[in-house]
Protein chains: 2
Amino acid sequence: MNSLTALAGTVHGGTLYGIGVGPGDVRYLTLRAAALVGAVDVVAFFAKQGLQGNARRIVGRVEMRLEYPVTDEIPAESADYQCQISTFYEKTSEALAGLLRDGKSVGLLAEGDPFFYSSFMHMWRRLETDYPIEVVPGVTGMSGCWTRANVPITWGNDTLAVLPGTLAEEQLVERLLLTDAAVIMKVGRNLGKVRRAVEAAGLLSRALYVERGTMEDERILPLAECRDERGAYFAMILIPGQGRRL
Amino acid sequence: MNSLTALAGTVHGGTLYGIGVGPGDVRYLTLRAAALVGAVDVVAFFAKQGLQGNARRIVGRVEMRLEYPVTDEIPAESADYQCQISTFYEKTSEALAGLLRDGKSVGLLAEGDPFFYSSFMHMWRRLETDYPIEVVPGVTGMSGCWTRANVPITWGNDTLAVLPGTLAEEQLVERLLLTDAAVIMKVGRNLGKVRRAVEAAGLLSRALYVERGTMEDERILPLAECRDERGAYFAMILIPGQGRRL
């Protein structure tokens, strides 16, 4: 390592740090994130019941496990899900606020980047008017996936659409037809529908399925060869752009 | 710093490293990028004539300056531009290949992420069949911008469109109407047109103008208050999503 690490900075008590921990490979933590993980009073992370939690696996150190009451067992659109999760977020933000009032520095881990589809955002919106917060951007999961798949995603003036696999099939097709490159997130149980939409948009030959990109058990294959009806929770589909090569 | 830095890894002679250096703030280099910048035989970077080069400014150390013969002085769509740039990329890739054949490890810096709209990609496509290449993903410029603007960009099932400001005004409007969140890149001389398109799509009140996000001289203001006809080269427009708050 060189002197750049000396620039990684300081930690303040009573501050919440939203720490992007990147796509999975620990080498893709930023200098700032690595410094904070080692220096904050409390490291907190969200995890699914019964699982270790990916953010925890990435950084190693953890003191406060925030366990979702429910994740993908019931549809995120149901009133039951939304009620359970809202209550959980409310209680969790109160617990974090208690630590901050006690003068503790708290690092809340976020997989990828904290302001890009993260649970951290639900804490941020509850706490940001009353407590100092520093957000540390991270390498997104999608960057990790296209790096490991060895495909530049956008060239020249390509447009990129980031789409959740939860969209209806016809919406997916419509959006795919109107973009040069695409990333489809939240594939999971939507894989069958997503594959049909990609094929209907005439993009199946360019599409890649990437599961747990940059993690030890990553899996990358052409979508056309991925015949599962259900994908992994951390799976996404990449459709690289074909813009200007110079 | 903690023991995570020990994981940052090794460097091999004869290998090209595409090093994402993040959005500007040196603390947002990844551990892998910081280790490589300090350890490769040659650090190379692209720069505009007469300017220092942002990637260089971020990491400090540089031995090989690759100066574009032309950047935004003439339209990127013109035959003249494309001819000059293609010739430049061809010669540059030959120079890099010479270093690799001599057994040197070469780190080519890329602002943001190397597989997301970078010049590195034009070297990668010329060299990747004949030389070992490692790509190190980076925090994108857009992550840096939405972090500093203090706006989560996508919530719940929001879709995100990344659009170049070079699109025609009516295309911009069409794409903006069909997305929840948007990032408009390459604003520069397209700022007037981009503002009109954002306004026509009814999104002006949500749009932010961010120039050189995370750099020392960053500038962030509502797009509605940014009256310049021409933006900075490193400017982008952010339109945050309004998806599910739980």
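The conversation below goes through a predicted model of two chains, asking at each step what a description rests on.

Visitor: What makes chain A as compact as a globular protein of its length?

Guide: There are seven helices and ten strands in chain A, and its radius of gyration is 19 Å, close to the 18 Å that the globule rule gives for 246 residues, so the chain counts as being as compact as a globular protein of that length. Along the principal axes, the C-alpha trace of chain A spans about 55 × 50 × 30 Å. Buried residues make up 50% of the 246 residues, and among the contacts with a separation of 6 or more, 67% are between residues 24 or more positions apart.

Visitor: Why is E4(A) said to pair with strand E1 of chain A?

Guide: Two strands pair if there are at least two bridges between them, and E1(A), residues 16-20, is joined to E4(A) in the parallel sense over five bridges. Gly18(A) stands opposite Leu108(A) in this pairing. Strand E2(A) also runs parallel to E4(A), with three bridges between them, and there Ala44(A) stands opposite Leu108(A).

Visitor: Why is Leu51(A) called partly exposed?

Guide: Leu51(A) has 13 other C-beta atoms within 10 Å, whereas a residue is exposed at 12 or fewer and buried at 20 or more, so a value in between makes it partly exposed. Leu51(A) is found in the loop between strand E2 and helix H2 of chain A, and its C-alpha atom is separated by 25 Å from that of Leu16(A), a residue 35 places away along the chain.

Visitor: What of Leu203(B), and how do you know that it is partly exposed?

Guide: Leu203(B) has 18 other C-beta atoms within 10 Å, and this value again lies between the limits of 12 and 20, so the residue is partly exposed. Leu203(B) is found in the loop between helix H7 and strand E8 of chain B, where it touches Leu176(B), Val198(B) and Ile239(B), not counting residues up to four places away in sequence.

Visitor: What makes the buried residues of helix H6 of chain B line one face?

Guide: The buried residues of H6(B), which covers 169-177, are Leu172(B), Arg175(B) and Leu176(B). Seen down the axis of the helix, they fall within an arc of 100°, so they line one face. An α-helix has 3.6 residues a turn, so residues three or four places apart point the same way. On the other side of H6(B), Glu170(B) and Leu177(B) are exposed, while what covers the buried residues includes strands E6 and E7 and helix H7 of chain B.

Visitor: Why is helix H5 of chain B called largely enclosed?

Guide: Eight of the eight residues of H5(B), 141-148, are buried, so the helix is largely enclosed by the rest of the structure. Among them are Met142(B), Trp146(B) and Arg148(B). These buried residues pack against strand E5 of chain A together with E7, E8, E9 and E10 of chain B.

Visitor: How do you know that chains A and B touch, and what makes up the side of chain A that touches chain B?

Guide: Residues count as in contact if their C-beta atoms lie within 7 Å, and 56 residues of chain A are in contact with 56 residues of chain B. Of the elements, H1(A) gives the largest share of that side of chain A, six residues. The residues there divide into 33 nonpolar, 17 polar and six charged. The strands E6(A) and E6(B) are joined by three bridges and run antiparallel, with Ala161(A) opposite Ala161(B).

Visitor: Which residues touch the most other members of the largest nonpolar core?

Guide: In that core of 145 residues, they are Met236(A), Ile237(A), Met236(B) and Ile237(B). Leaving aside neighbours within four places in sequence, Ile237(A) is in contact with residues including Ile184(A), Val198(A) and Leu223(A). In soluble globular proteins, nonpolar side chains tend to be buried together.

Key
Residues are numbered from 1 along each chain as its sequence is written. Chains are lettered from A and ligands numbered from 1 in the order in which they are written. This is a predicted model: local features need pLDDT of at least 70, side-chain atom pairs count only at pLDDT 80 or more; totals for chains, interfaces and linings use all residues. A nonpolar core is a set of buried Ala, Val, Leu, Ile, Met, Phe, Trp, Tyr and Cys residues joined through C-beta atoms within 7 Å. Two residues are in contact if their C-beta atoms, placed from the backbone, lie within 7 Å. Helices (H or I, at least four residues) and strands (E, at least two) are DSSP runs, numbered from the N terminus. Ala, Val, Leu, Ile, Met, Phe, Trp, Tyr, Cys and Pro count as nonpolar, Asp, Glu, Lys and Arg as charged, and the others, Gly among them, as polar. The arc is that of the directions from the helix axis to the C-beta atoms. The radius of gyration is taken over C-alpha atoms; the globule rule is 2.2 Å times the number of residues to the power 0.38.
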